[in-house]
Each structure stands twice: as C-alpha cells, then as structure tokens.
Amino acid sequence: MEPLIREVPSAVGERLRISEIFVSLQGESTTVGLPTVFVRLTGCPLRCVYCDSEYAFYGGEWMQYDEILREIEKCGTKYVCVTGGEPLVRKGAVEFLRQVAQLEGLADFSLTTNAVLLKANLKRIR
C-alpha cells in the first residue's frame, strides 16, 4: 500500500530548498506578537484550501543547513518558525529541526504543520 503523503524532493543531504527567510511578528501560537525568524521551505504535496503560501509550492533556492542556520542567527531573534506547506514531508527536515533546536540563544522554535505527519515525527525531533 502506498503512503497517502509522499515526501517532496526538497531536501537532499544536508540542504533544503528555501523560499524565504524573514523576520516578522509571530501571529499564532504561544509566542504571538514576538519577533520571529520564519524559514519558509519550498514545495508541498498537499493542497489545503486555507493555504496562505501557494507561491512557495515551486521555486526556491537550495541552501545548506549551516547556511540556513547562519541566516537565522543573523536575524537576532529568540524565536524561529519553520513553515512552508508541510515541512515534515521533506527528507531531512527532522534533522534540520534538531539543529535549529540547538541554536545558542534560542528561546523556542515552532513548526507550522497541518499535523498529518506530526505524530510519526515528534519523537524524532526531540
């Protein structure tokens, strides 16, 4: 039986395809209102009717994990949100999240997900 959700080819080795990295105020979760660096990944096999970032389905730029982590650190915030469709469908996303969680000076990080794959990956992130 084939899985319902296939991994998208937006992660290879130690790199991910990134649509954008930017700082804004968090609009959701327990860190609402706090300056947050958002890392928006490219690609998503889901087509949720409420998606607010369809532009991130295609394109993007390949970046090594260490490059992405340096960009996050340059932003100088204590909060990071990894987003972009469904981040957990990317090969390597869990390892990348582990590295984000270990950034010095980071107070917290979050993951924007529709949760279709969250339970299967949660133990791998911690």
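**The largest pocket and its surroundings**

Me: Which element gives the most to the lining of the largest pocket?

Reply: Strand β2 does, with 3 residues. Please bear in mind that this is a predicted model.

Me: What volume does the largest pocket have?

Reply: Its volume is about 440 Å³. Among the 24 lining residues, R40, D52, S53, T83 and T112 are the closest to the centre of the pocket. Two or more lining residues come from each of β2, β3 and β5.

Me: And how does the lining of the largest pocket divide by class?

Reply: The lining has 10 nonpolar, 9 polar and 5 charged residues.

Me: Back to T83. Where is T83 found, and is T83 buried or exposed?

Reply: T83 belongs to strand β5. T83 counts as buried because its relative accessible area is 8%, which is under the 20% limit.

Me: Which residues does T83 touch?

Reply: Leaving out residues up to four places away in sequence, T83 touches V39, R40, L41 and T112. R40 and T112 are also among the residues closest to the pocket centre.

Me: New topic: Q26. Where is the place of Q26?

Reply: Q26 sits in the loop between β2 (15-25) and β3 (35-41).

Me: Is Q26 buried or exposed?

Reply: Q26 is buried, because its relative accessible area of 6% falls under 20%.

Me: What does the side chain of Q26 reach?

Reply: The side chain of Q26 reaches the backbone nitrogen of E28, at 3.0 Å. Beyond four places in sequence, Q26 touches T31, V32, G33, L34, T36, F38, C81 and S110.

Me: Now the largest nonpolar core. Which residues touch the most other members?

Reply: In this core of 19 residues, those are I68, I72, V80 and F96. At least two core residues are supplied by each of β2, β3, α1 (65-75), β5 (79-83) and α2 (93-101).

Me: What is F96 in contact with?

Reply: With neighbours within four places in sequence set aside, F96 is in contact with L16, Y65, I68, L69, I72 and V82.

Me: Last one: E104. Why does E104 count as exposed?

Reply: E104 counts as exposed because its relative accessibility is 78%, and the cut-off is over 50%. E104 lies in the loop between α2 and β6 (108-111).

Me: How far apart are E104 and K78?

Reply: E104 and K78 are 26 residues apart in sequence, and their C-alpha atoms are 9.2 Å apart in space.

Definitions and conventions
Residues are numbered from 1 along each chain as its sequence is written. This is a predicted model: local features need pLDDT of at least 70, side-chain atom pairs count only at pLDDT 80 or more; totals for chains, interfaces and linings use all residues. Side-chain values use heavy atoms; hydrogens and water are left out. Helices (H or I, at least four residues) and strands (E, at least two) are DSSP runs, numbered from the N terminus. Buried means under 20% relative accessible area, exposed over 50%, partly exposed in between (1.4 Å probe, protein chains only). A polar contact is a pair of N or O atoms within 3.5 Å; within protein, one must be able to donate a hydrogen and the other to accept it, and residues adjacent in sequence count only if both atoms are side-chain atoms. Contact means heavy atoms within 4.5 Å. A nonpolar core is a set of buried Ala, Val, Leu, Ile, Met, Phe, Trp, Tyr and Cys residues joined through side-chain atoms within 4.5 Å. On a 1 Å grid over the protein atoms alone, a cavity is a set of points where a 1.4 Å probe fits but cannot get out, and a pocket is an open set with protein on both sides within 12 Å along at least five of seven lines; lining residues have an atom within 4 Å of a point. Grid points are joined across faces, edges and corners, and a volume is the space filled by probe spheres set on the points. Ala, Val, Leu, Ile, Met, Phe, Trp, Tyr, Cys and Pro count as nonpolar, Asp, Glu, Lys and Arg as charged, and the others, Gly among them, as polar.
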